[in-house]
Amino acid sequence: MVEDTELAAAAAPGGEEARVRIRPGTRIEPGQFIRPVGHDQSAGAVVLRAFTAVTATGGEIGALATSGCATFQVKTPPVIAVMSTGDEVVDSLGGQGPESLPYGAIRDSNRPALLAALRALGCPAVDLGVVPDDPDALASAIRGALATCHGVITSGGVSMGERDWLKAVVEQRLGGTIHFGRVAMKPSKPTTFATVPGAGFVFALPGNPVSALVAFHMFVAPAVRKFSGHLLALGAADPARVRRALRPSVTAVLDSDEIRLDRVRPEYVRGLLAWDHGTARWVASVPDRRQQSSRMASMGRANALLALPVGSDAKPAVARGEAVTAILISAVQFT
Ligand SMILES: Nc1nc2c(c(=O)[nH]1)N[C@H]1C(S)=C(S)[C@@H](COP(=O)(O)OP(=O)(O)OC[C@H]3O[C@@H](n4cnc5c(N)ncnc54)[C@H](O)[C@@H]3O)O[C@H]1N2
Ligand code: MOO
């Protein structure tokens, strides 16, 4: 190393070394610090195993690049289109939202939120805008999207109201099959999943903003991960490992006042998961106790859904310090 040398002769006064002398006593092995050609990867070595995830580390791409492997086969995430539905829903994208809304109108929060959440999963997301509560308009928007996309996410119009057309449109106008249309969970009970033969899939999510996003993280995100190949490396894994791969969760200690358990449906509370350096444990808090499904604000500071069981007389609440399952819905910030 240059630190083990001293100047013997300079090319010009104050200039670069013309000759250096290795300091006496320096141990030098032949070939020391010289990486031979082919040292990083020997011929025939496997650079990346099939089904390796290409991650944000950059390491997989780097390993392929250094091996001269410029083209390789990848499984790409699905292309999904997103629409909001409802006569009362006013487009909020592109600055078109009016400063003050007429009575009975609401700014579209679901579509921007779902587009952002999809893109964060690496999906190319197609924006279909806001579609009115009209069966013809809904059928033609979904049909058109399925002609070019793998699937469509809608929100709104999926419950029991007179103008909740989604299920009927998918079944009757598009010839789709509804695989499930009500789920025992709070929020997001009317979450609906359907497939249209030869065309693609439809996730019809509830209109309430929090319900739409919780349904996204509970159902759409795992489907996107599966489509994107997250299970390929697992092979024939047991169901628990499959669940963990598609819907990552950790066990955390509850660090909030007691939470009353719903007596009918398991509840998914918007929580904040953090690593506690002092105790080396995951801790989960509830930054916003106002958890109504209309309040998108309760999602704003959440990075996890705390999966709470149905309550009973014997177990009416979960108390501070108890263990809860926290389903990750975004990256954990380390502070
Ligand atoms: N008879 C029953 N009625 C309802 C039930 C039930 O089981 N039986 N379930 C309730 C539950 S739980 C939910 S959740 C809602 C979901 O209803 P929809 O999916 O039909 O949603 P909408 O009625 O269209 O909208 C609900 C609410 O959210 C507002 N909304 C809709 N889209 C947007 C958007 N893009 N951005 C912002 N806000 C939006 C909409 O204006 C409504 O206020 O059904 C219950 N009913
Ligand atoms: O299931 Mo709804 O999402 O409670 O409001």
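Modeller: Ground rules: two strands count as paired if DSSP finds at least two bridges between them, and strands (E, at least two residues) and helices (H or I, at least four) are DSSP runs numbered from the N terminus. This is a predicted model, where local features need pLDDT of at least 70 and side-chain atom pairs count only at pLDDT 80 or more, while totals for chains, interfaces and linings use all residues. Residues are numbered from 1 along each chain as written, with chains lettered from A and ligands numbered from 1 in written order.

Biologist: Okay, what's the bridge partner of V196 in strand 10?

Modeller: G200. Strand 10 (residues 200-205) runs antiparallel to strand 9, with 5 bridges.

Biologist: How many residues sit between strand 9 and strand 10 in that hairpin?

Modeller: 3, and G198 in the turn has a positive phi of about 75°.

Biologist: Why is strand 9 largely enclosed?

Modeller: Because 4 of its 5 residues (192-196) are buried, meaning 20 or more other C-beta atoms, placed from the backbone, lie within 10 Å of a residue's own.

Biologist: Switching topic: which strands make the closed barrel?

Modeller: 5 of them, in the order 11-14-13-15-17, with mixed pairing. Strand 11 (residues 249-254) and strand 14 (residues 281-285) are parallel over 2 bridges, and V253 partners V283.

Biologist: Last one: what does V82 touch, sequence neighbours within four places aside?

Modeller: Its contacts (C-beta atoms, placed from the backbone, within 7 Å) include R111, L114, D127 and I153.

Notes: Contact = placed C-beta atoms within 7 Å. Buried ≥ 20, exposed ≤ 12 C-beta atoms within 10 Å, placed from the backbone.
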